[in-house]
Amino acid sequence: MSPTFTVFIHVGRSIDEVYEAVADPAILSRYFTTGGAKGRLETGATVTWEFHDFPGGFPVEIVEAVKNRKIVLRWEASENGPAGYRTTVTFVFEPIDAGARTKVSVSEEGWRETEAGRAASYMNCMGWSQMLAALKMWVEHGINLREGAYK
């Protein structure tokens, strides 16, 4: 079975604010894409994400974006470098506590069933967990957890 995972976090803000923190490149660049994000996450778009710890821009294809519900994207798998295939990442946004908080889940799938594919999936699972923690801290407190962590 191909490696797959789902991680989640509860964020103490409305679903609209949390969704925008992921979809809007100006906000995403403040806490996650340490080298910047270019392009809004909208269905059919191809945007670019850059990270200080992985030099060069990553093209990210937005397969589906449903405001305040989900974002599905595809990007190049990395097995200690480009792997020649893409994985699928799905963000799901759910209101909780009568809309006062938002549950954000991130799933990724599509790695090859190899040792390198499994290792890459573990690395991305860690990365998405860190992204969700950074999202929570940014949206709730204006603190960038990634600043200086990867330079």
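In this predicted model, the lining of the largest pocket consists, by class, of 17 nonpolar, seven polar and five charged residues. The pocket is lined by 29 residues in total, and its volume is about 740 Å³. Phe54, Phe58, Ser78, Met123 and Asn124 are the lining residues that lie nearest the centre of this pocket. Four elements of secondary structure each supply at least two residues of the lining, namely strands β4 (54-66), β5 (70-78) and β6 (82-96) and helix α3 (115-141). Of these, α3 gives the most, with nine residues.

The largest nonpolar core was examined next. In soluble globular proteins, nonpolar side chains tend to be buried together. Here the largest nonpolar core has 41 residues. Within this core, the residues with the most contacts are Tyr31, Trp49, Phe91, Trp128 and Leu135. Helix α3 gives the most to this core, with eight residues. Helix α3 is likewise the element that gives the most to the lining of the largest pocket. When neighbours within four places in sequence are left aside, Leu135 is in contact with Val11, Val18, Ala21, Val22, Tyr31 and Val104.

Val60 and Trp75 are 15 residues apart along the chain, yet their C-alpha atoms are separated by 5.1 Å.

Charged side chains were considered separately. The count of salt bridges comes to 11. One of them joins Lys67 and Asp16, with the closest N and O atoms 2.9 Å apart. Because Lys67 lies in the loop between β4 and β5 and Asp16 in helix α1 (residues 15-23), this pair ties together parts that are 51 residues apart in sequence. Lys67 has a relative accessible area of 44% and is therefore partly exposed. Asp16, at 35% relative accessibility, also counts as partly exposed. Both residues belong to a network of salt bridges that links Asp16, Glu20, Arg40, Glu42 and Lys67.

Two further salt bridges were examined. The side chains of Arg101 and Asp97 meet in a salt bridge with an N to O distance of 2.5 Å. Arg101 is partly exposed, with a relative accessible area of 29%, and Asp97 counts as partly exposed at 48%. In the other salt bridge, formed by Glu115 and Arg118, the closest N and O atoms are 3.3 Å apart. Glu115 and Arg118 are three residues apart in helix α3, which means that about one helical turn separates them. Glu115 has a relative accessible area of 57% and is therefore exposed, since the class begins over 50%. Arg118, at 31% relative accessibility, counts as partly exposed.

Conventions:
Residues are numbered from 1 along each chain as its sequence is written. This is a predicted model: local features need pLDDT of at least 70, side-chain atom pairs count only at pLDDT 80 or more; totals for chains, interfaces and linings use all residues. Side-chain values use heavy atoms; hydrogens and water are left out. On a 1 Å grid over the protein atoms alone, a cavity is a set of points where a 1.4 Å probe fits but cannot get out, and a pocket is an open set with protein on both sides within 12 Å along at least five of seven lines; lining residues have an atom within 4 Å of a point. Grid points are joined across faces, edges and corners, and a volume is the space filled by probe spheres set on the points. Ala, Val, Leu, Ile, Met, Phe, Trp, Tyr, Cys and Pro count as nonpolar, Asp, Glu, Lys and Arg as charged, and the others, Gly among them, as polar. A nonpolar core is a set of buried Ala, Val, Leu, Ile, Met, Phe, Trp, Tyr and Cys residues joined through side-chain atoms within 4.5 Å. Buried means under 20% relative accessible area, exposed over 50%, partly exposed in between (1.4 Å probe, protein chains only). Contact means heavy atoms within 4.5 Å. A salt bridge is a side-chain nitrogen of Lys or Arg within 4 Å of a carboxyl oxygen of Asp or Glu.
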